[in-house]
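I set out to record the overall build of this entry. The notes below follow the order in which I looked things up.

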Amino acid sequence: MPLPNNWIAECDGYLLMVIGWLLLRKLLTNQLVLYVHPRYIPLLTMTGGVLIVIRAVRATQRYEHTPVPLAKRMTVYGLLLAPVVFGLVLPAKPIGAALLDASNLNSVGRSYGRPPRVDNTASWTLQDWARARLTLTPVQANGAPVDVIGFVYHAPTQFPGEFSVVRYTLACCVADRRGSALAVKWAPGETLPADQWVHVTGKMEIDLPDGSPRFVVTDAHVEPVAQPSDPYLH
Amino acid sequence: MRVASIPLSTSQPRPRPWSIVPGVGVYLLIATLLWLGSGIALPPTLTGLSMRVQGLITIFLSLFLEALPFVVGGVLLSSLIALFVSDQLIQRIVPKRPLLAALTGTLLGLLFPVCECGTVPTTRRLLQKGAPLPFGVGFLLAAPVINPIVIVSTYVAFNGDWLIVGSRVGLTLLIALAVAVLLAWLPRQQTLLATRLTAAGPACACPDHAPDRSLRGVLRHTAEELVDMSRWLVMGAFLAATMQTFIPQGLLLRIGTVNE
């Protein structure tokens, strides 16, 4: 069999196939949710399939004429290899405490979704609690049961004997994440490592350290848990 | 005033010795990020940086993955235009007068469900086919915001608030139209669009080759343009991820936030 003379077709095809394979591998290992909102998964699955079909077609063109020298494509190939190499070589991890901006926590803004039911706060997520800050009165919040899962974050301005439990909310992908957090009064929490996933139960208390209300979980029971299969809220 | 279509060169300039520098730089950057992201054999002083690089890579991959389906869709549409719509047809049906061309391009966005990533290859192809610049720019700016899918999703996301939907569509049309008309008055439009950005990529430009309009031909065209377009996606995603990693998110959000 003669060697191919259209190296562009060969390299383009293999590169697109590997990107397609990356998408399908992330899908099969349930890792796509670490990067994008689950509604993108069908689109990404289709895209992975299309890229593999393109490779099959390009394979039939390996002996056709090409006017472009392969050397001119090396930068482009390097750029396209970046997502493949990062996606396949490095273990997939959700965004954690390292990129958390404490000044932007709980900035959920005006919400157009249906507000959570006040009489069932034990089913609220950290995102619900962040939204509730805008509407909940201290009388409604004080003593309300809390039952949330998130990762540990030690804010620079954290009160002694406390830590924060945080979870990100995604609209489309990790780039638009917003962190929702609750302070937890639990002295041993200071020694918990950042990014450790925990299940926190307790009661809500409205604190007024500087005159403005602060939501704090008291009577807390904290239990380390495994990272959820989808670490983000939507 | 009539706007001339933009002639685009497909000639291949001779490679210069220093042209390998960006390529080598890309591979070195990948290797460095891999080392930092893996955390292998890192001095303790770089542990914090390593955590940030891991975050950078996650954000980069998320942006790349989210946009890729739309780039593939846009490139597929561009390939169909390239193979099935002749230059003559585009030049005949697209108005030449700047205001009319800008208006038509802008309103065309109402019909095409393409996002930001998809409009770029589509616009590029339309310009290569001889569409005037105001037409292309109007389409480029308006289509991602005023297409039917975005209108419906805006309506749903804002609980049927027609004021939001109307403002979004109306203001986008206005801005796209204004920019497109402004660009029409530029004296040298050829210099505005760099040849290397608008050239058809590695596709064979031999005049004796008739376009292959089979599925095989469409996919071949798609592959060539996809590789060419994806480099911009990679660079854009990397730039955005770097900014998000090293500039506090709150600062970026506050730039575009109005206090309620």
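Before counting, I took a residue as buried when its relative accessible area is under 20%, with a 1.4 Å probe and only protein chains considered. The model is a predicted one.

Burial. I looked up chain A with that cut-off and found that 50% of its 234 residues count as buried.

Secondary structure. I noted five helices and five strands in chain A. Reading along the sequence, I wrote the pattern down as α-α-α-α-α-β-β-β-β-β. I then checked the radius of gyration of chain A, which is 24 Å and thus well over the 17 Å given by the globule rule for 234 residues, so chain A is more spread out than a compact globule.

Dimensions. I recorded the span of the C-alpha trace of chain A along its principal axes as about 80 × 35 × 30 Å.

Contacts. For chain A I considered contacts between residues at least 6 apart in sequence, and 69% of these join residues at least 24 apart.

Surface and charge. I found an accessible surface of about 10,500 Å² for chain A, with 62% of it belonging to carbon and sulfur atoms. Chain A carries 20 positive and 17 negative charges, and I noted 10 Å between their mean positions.

Domains. I turned to chain B, where the domain assignment gives domain 1 as 50–84 + 213–247 and domain 2 as 96–193. Taken over C-alpha atoms, the centres of domain 1 and domain 2 of chain B are separated by 21 Å. Which residues link the two, I asked by number: 13 residues of domain 1 of chain B are in contact with twelve residues of domain 2 of chain B.

Note on methods:
Residues are numbered from 1 along each chain as its sequence is written. Chains are lettered from A and ligands numbered from 1 in the order in which they are written. This is a predicted model: local features need pLDDT of at least 70, side-chain atom pairs count only at pLDDT 80 or more; totals for chains, interfaces and linings use all residues. Side-chain values use heavy atoms; hydrogens and water are left out. Helices (H or I, at least four residues) and strands (E, at least two) are DSSP runs, numbered from the N terminus. The radius of gyration is taken over C-alpha atoms; the globule rule is 2.2 Å times the number of residues to the power 0.38. Contact means heavy atoms within 4.5 Å. Accessible areas come from the Shrake-Rupley method with a 1.4 Å probe; for residues, only the protein chains shown count as cover. Lys and Arg count as positive and Asp and Glu as negative; His and the chain ends are not counted. The place of a charge is taken as NZ of Lys, CZ of Arg, CG of Asp or CD of Glu. Domain bounds come from an automatic or database domain assignment.
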